[in-house]
Amino acid sequence: MNQDGSSNQPPALLQTLPGDDVRQIMWRFAERFDYQMVVQSARAVARGPVARAVAKGARNTHEWTEDKAALLTEFDVAGITAASIDPEFGGFLEGPKNFVLGLLAFELAWVDAGSGTSSMANTLALAPIHERGTPEQKQKYMSASVPPQPGEDRKIWRGAFALTESIPYVGVDTGVLSGRVRVTEWRDGEEPLLHVDKRGRFITNMGSANFVTAAVDSGDPRIKGSCMIILEETDPGTWDRGIPTKKLAHQLSSTRDPVFSLQVPASRIIGGYTVKDGVIIPNYSHADVIEAVFTRTRATPAIMTSAKLLSAVEPVIRYHRRRFRGAAGITEGTPRFDMGLQQKEDALHRLLDVWAAGEAGASLGFETSRLLDTYDAIEKAKAQVLAQQGIAGGRAELKALRAREKDAAEYVALAYKRSPTAEESARLAALDADAVVKFIVTESLSSVLIPSAKLWNTGHGVNMMREAVSMMGGYGITEDCPGFLGTKWIDGQLEATYEGPEVVQRRQLSVTMSRPIFLQQFQQWIAHLREVARAHPTLGAGTLASAMELWFWSREHLSSAKDAHGRDLYSNQRHGVTYPLADALAWLVATYHLVLDVIELKQKGPENAALAEGIDGLVSFYSDLTHIHCATAAGEATRICAELVFGYRAEPEAPGSVPGADAFSDVAPFVALRTKVDASLAGSKLAKDRAAESLAHVMIPEVLDYPV
Ligand SMILES: Cc1cc2nc3c(=O)[nH]c(=O)nc-3n(C[C@H](O)[C@H](O)[C@H](O)COP(=O)(O)OP(=O)(O)OC[C@H]3O[C@@H](n4cnc5c(N)ncnc54)[C@H](O)[C@@H]3O)c2cc1C
């Protein structure tokens with residue numbers, strides 16, 4: 001041991017690539033054997049039939065082929081189809097399904113996200129019914145979507161979700177709908193018959209769907225507002241699956257532009273309706289239903305993109321190590337033969353950036369889906385309490401919730417207290433038992449985590465996927481590229497697009513990130529990171545905490561500052577300010593959750609017998625990876641903040657001159673915080689060197705994990 005406490009011992013290296021034991025600890029499902037079984041069966045399908053279909057060229061056509069359809073049957077047999085369905089309707093997993101569906105999407109997207117999307121789109125089609133359907137609707141469509149059991153003679157039903165329309169391009173804006181529902185026949189005392197006209201655009205699963213959950217607006221004075229409605233392929237009228245989309249991504253799923261003109265009973269309105277003065281009033285507007293659906297489903301595409309980045313690690317290492325083998329004069333045992341491009345820092349460092357982005361995205365995505373798993377029960381409990389108080393309906397409920405925000409902020413602050421007094425503990429317990437407070441906290445957190453995951457994992461993920469592709473040189477953009485990296489790159493762009501492209505996520509974040517309750521939460525995260533930095537100095541947590549302080553200061557400053565023309569900087573319409581600030585936040589949020597997962601690994605890893613042998617190297621590698629990522633995230637977030645804080649000030653009179661110190665006195669705290677971030681980067685590149693050493697030595701299997 002040296003005088004400064006450091007050791008001369010070389011750091012332990014990562015021995016093998018992380019396996020299931022590591023993931024189970026980090027993503028907190030080491031105790032869930034049922035989930036582990038589902039992961040195994042999904043993996044067998046992904047790395048078997050799905051990989052073979054891709055290698056065979058199934059992606060080379062946009063038609064819905066037998067090979068692609070056969071994969072759906074593989075999903076049925078492996079239990080993937082029924083995994084989203086509650087046991088009362090024939091499923092096999094108790095409880096909420098967000099997290100387990102994330103695991104399934106991860107496994108499938110590891111090989112091909114298009115296959116994952118077919119499975120996800122089926123769940124998306126059922127989601128409006130799951131979230132807002134009547135008991136009869138749930139019973140009918142959920143039970144029909146479970147694969148037939150041995151001895152059962154019935155066809156399985158598959159669904160599609162149709163929001164977007166061809167007006168004139170697509171449009172995920174829920175405020176713009178051309179699809180119409182009208183009353184076609186309504187006899188006294190009988191159920192009304194409706195006529196639905198809807199032209200869908202880019203509808204996934206349309207090649208195989210037997211039913212569609214479609215968003216439509218009223219085209220009749222006897223129907224109020226909009227709704228979602230269930231269409232079946234045998235309904236009278238036109239059920240035209242439409243032409244296949246000539247897409248460049250996710251070719252293993254079906255996407256078409258269907259045309260529907262169908263007659264359906266009014267009981268197909270999702271969530272039912274009431275009749276008042278001869279007018280049909282749907283219990284839920286299409287926007288109500290879609291909000292509930294997207295709240296729960298947007299984390300899944302985010303997880304898919306992260307899976308791709310992590311899946312790229314092994315093929316890139318293999319390629320780099322073997323790069324020169326076979327050339328004349330490069331003999332076995334020489335560094336060029338053994339290490340190939342991994343003799344160069346660049347090959348090692350860039351791959352670490354890809355890896356870290358994948359880990360951070362997965363950490364955020366899975367935390368989001370774990371949080372969503374708590375959502376239903378908390379939402380129901382809140383609704384019950386409010387109903388008991390006679391509070392019902394949108395506006396009254398909103399008012400009641402707003403009145404409790406202060407208590408919710410207090411709850412967040414108390415929940416993070418290390419040594420609370422007896423009085424504080426009692427107060428915390430009381431608030432913890434308060435359904436309304438619990439809901440406000442969960443809702444405010446999920447309203448930041450969901451768009452952050454969808455925005456950052458997919459947007460930054462695609463950029464990093466390009467990096468992975470480039471590391472394979474020309475091979476990267478061939479169909480033969482091991483790990484299908486080239487196709488994963490373009491597939492990732494689709495994950496960034498559907499269920500709402502980037503702008504939708506930024507718009508949501510720009511509102512939710514400024515709620516006092518979230519800002520309270522954010523400050524607790526900073527305090528927590530400071531504690532982490534003391535206990536685990538090699539994680540880079542101090543850098544992240546400093547970057548978060550700077551973001552917090554910038555948001556406060558921008559919220560009241562004006563630009564050189566006297567216009568407000570932080571306003572709803574000023575996307576040039578609020579959207580980049582949302583981007584900066586997403587970097588920080590993703591990285592914070594990586595820190596949490598690595599602490600979990602540090603704590604629980606040594607208790608796991610299967611990890612015993614390589615635990616030191618594993619933990620030190622993950623610590624270094626986190627340190628690297630904290631530095632990158634801090635750099636990105638603080639750069640964005642600096643541009644916003646300084647970029648709207650007047651230019652100095654003399655071109656190229658630097659304004660005097662006085663001109664910046666109001667932003668002196670920013671300058672101090674930024675210097676603190678920069679200084680905290682000490683050691684981050686050393687961490688990268690150490691992690692690179694691990695990458696250069698880590699053992700990889702003889703063959704790729706899904707040979708084809
Ligand atoms: C293969 C595929 C499968 C799909 N599957 C389905 C499905 O099953 N069901 C379904 O309903 N839909 C589906 N979609 C549609 C998908 O949800 C939309 O394509 C997606 O949400 C993006 O909307 P858009 O294409 O209209 O892009 P646009 O909304 O036109 O976006 C174009 C660009 O403009 C930005 N932008 C959009 N609005 C604004 C604004 N107000 N201010 C500033 N910038 C803005 C966007 O961020 C984006 O960068 C699918 C799409 C594809 C490609």
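## Terms and model

Buried means under 20% relative accessible area, exposed means over 50%, and partly exposed lies in between (1.4 Å probe, protein chains only). Helices (H or I, at least four residues) and strands (E, at least two) are DSSP runs, numbered from the N terminus.

The model is predicted: local features need pLDDT of at least 70, side-chain atom pairs count only at pLDDT 80 or more, and totals for chains, interfaces and linings use all residues. Residues are numbered from 1 along each chain as its sequence is written, and side-chain values use heavy atoms, with hydrogens and water left out.

## Overall form

The chain contains 22 helices and ten strands. Its radius of gyration is 27 Å, close to the 27 Å from the globule rule for 708 residues, so the chain is as compact as a globular protein of that length. That radius is taken over C-alpha atoms, and the rule is 2.2 Å times the number of residues to the power 0.38. Along the principal axes, the C-alpha atoms fill a box of roughly 90 × 65 × 60 Å.

Of the 708 residues, 55% are buried. Contact means heavy atoms within 4.5 Å; among contacts between residues at least 6 apart in sequence, 76% join residues at least 24 apart. The accessible surface comes to about 30,100 Å², and 53% of this belongs to carbon and sulfur atoms. Such areas come from the Shrake-Rupley method with a 1.4 Å probe; for residues, only the protein chains shown count as cover.

## Strand β6

Seven of the seven residues of β6 (residues 226–232) are buried, so the strand is largely enclosed by the rest of the structure. In a regular strand the side chains alternate between the two faces of the sheet. Both faces of β6 are covered, with S226, M228, I230 and E232 buried on one side and C227, I229 and L231 buried on the other.

Strand β5 (residues 211–218) runs antiparallel to β6 and is joined to it by seven bridges. Two strands pair if DSSP finds at least two bridges between them. A214 has I229 in β6 as its bridge partner.

In helix α12 (residues 405–415), the buried residues are A408, A409, Y411, V412 and L414. Their cover includes α13 (422–432), α14 (435–470) and α17 (516–535).

H627 is located in helix α20 and is buried, at 7% relative accessibility. Neighbours within four places in sequence aside, H627 is in contact with T538, L539, G540, A682, G683, S684 and A687.

## Loop residues

A650 sits in the loop between α20 (615–647) and α21 (668–680). A650 is exposed, with a relative accessible area of 58%. Its C-alpha is 7.9 Å from that of D563, although A650 and D563 are 87 residues apart in sequence. G340, in the loop between α9 (335–339) and α10 (345–388), is buried at 2% relative accessible area. With neighbours within four places left aside, the contacts of G340 are H320, R321, F324 and P335.

Most residues other than glycine have a negative phi. R28, which is not a glycine, has a positive phi of about 60°; R28 lies in the loop between α1 (20–26) and α2 (33–55) and is partly exposed at 33% relative accessibility. F202 also has a positive phi, near 60°. The loop between β3 (193–199) and β4 (203–204) holds F202, and this residue is partly exposed at 37% relative accessibility.
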